[in-house]
Amino acid sequence: NAKASSYTAIFNIAQIGETADETHQLVNERINNVKTELMATGIKKENIVIDVISFVPVYEVEVQKKLFSKKYNEVPKGFELQQNIHIQFTETNHFEKILAACAKNEIYNLVKVDYFIKDIHLIYKKLQDALLKQIEEKKTFYKTLGFKLEDYDIRFADDKYCYFPKDFYRNYQAFN
């Protein structure tokens with residue numbers, strides 16, 4: 001139950017335009033508006049990173065009817081640009097401001113929120129020390145009961161696991 005030292009919210013944005021330049025311009029306008037609003041709330045510009053996912057042409061189907069047949073042809077319609085916006089923040093109350101800024105600019109697809117813990121090795125060390133103390137207490141308890149631990153073949157597994165709140169949610173695919 002360690003408190004996260006920082007969080008990263010990842011939002012997906014998709015933009016369709018008739019030309020490549022128009023598509024870039026529209027998506028950059030929305031992202032710049034989000035950046036401006038978030039910087040006004042105290043989130044630094046370097047904590048907002050843009051990641052390009054795809055930039056592909058979009059086609060529509062044109063039907064050609066002839067006397068005895070139909071032909072379906074794909075014709076270019078425009079371009080689709082998808083990007084992820086990574087926003088790092090440290091206070092949980094910033095998340096509501098991030099959601100509001102994104103929603104105001106028609107960015108609704110929250111992909112995930114990552115949790116980061118600074119110096120996690122120190123937390124593991126603290127847990128190991130607590131475990132060693134508990135093992136010593138159990139040894140004393142078993143000796144008091146009359147068990148000889150030397151008579152047992154003791155085996156253990158040494159593996160580390162770290163669970164974050166997102167690990168307890170089921171995966172889903174957003175409907176598009």
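1. A residue is called buried when its relative accessible area is under 20%, and partly exposed when the value lies between that and the exposed class, which starts over 50%. In this predicted model, Y7 has a relative accessibility of 9% and therefore counts as buried.

2. Y7 belongs to strand β1 (residues 6-17) and F89 to strand β3 (residues 70-89), so the pair ties together parts that are 82 residues apart in sequence. Like Y7, which is buried, F89 is buried, its relative accessible area being 4%.

3. Ring pairs also join Y7 and F89 with F95 and Y115, and these residues make up a cluster.

4. Another pair is that of Y142 and F147, which is edge-to-face, with 5.9 Å from centre to centre and 90 degrees between the planes. Here the residues are partly exposed: Y142 has a relative accessibility of 35%, and F147 has a relative accessible area of 38%.

5. Y142 and F147 also take part in a nonpolar patch on the surface, together with F141, L145, Y152 and I154, and the accessible area of the patch is about 630 Å². Of these residues, Y152 is found in the segment after α3 (120-145), and with a relative accessible area of 47% Y152 is partly exposed.

Conventions
Residues are numbered from 1 along each chain as its sequence is written. This is a predicted model: local features need pLDDT of at least 70, side-chain atom pairs count only at pLDDT 80 or more; totals for chains, interfaces and linings use all residues. Side-chain values use heavy atoms; hydrogens and water are left out. Patches are made of residues with over 30% relative accessible area and no salt bridge: like charges are joined within 9 Å, nonpolar side chains (Val, Leu, Ile, Met, Phe, Trp, Tyr) within 5 Å. Accessible areas come from the Shrake-Rupley method with a 1.4 Å probe; for residues, only the protein chains shown count as cover. A salt bridge is a side-chain nitrogen of Lys or Arg within 4 Å of a carboxyl oxygen of Asp or Glu. Helices (H or I, at least four residues) and strands (E, at least two) are DSSP runs, numbered from the N terminus. Buried means under 20% relative accessible area, exposed over 50%, partly exposed in between (1.4 Å probe, protein chains only). Rings of Phe, Tyr and Trp (its six-membered ring) pair if their centres lie within 6.5 Å; planes under 30 degrees apart count as stacked, over 60 as edge-to-face and the rest as tilted.
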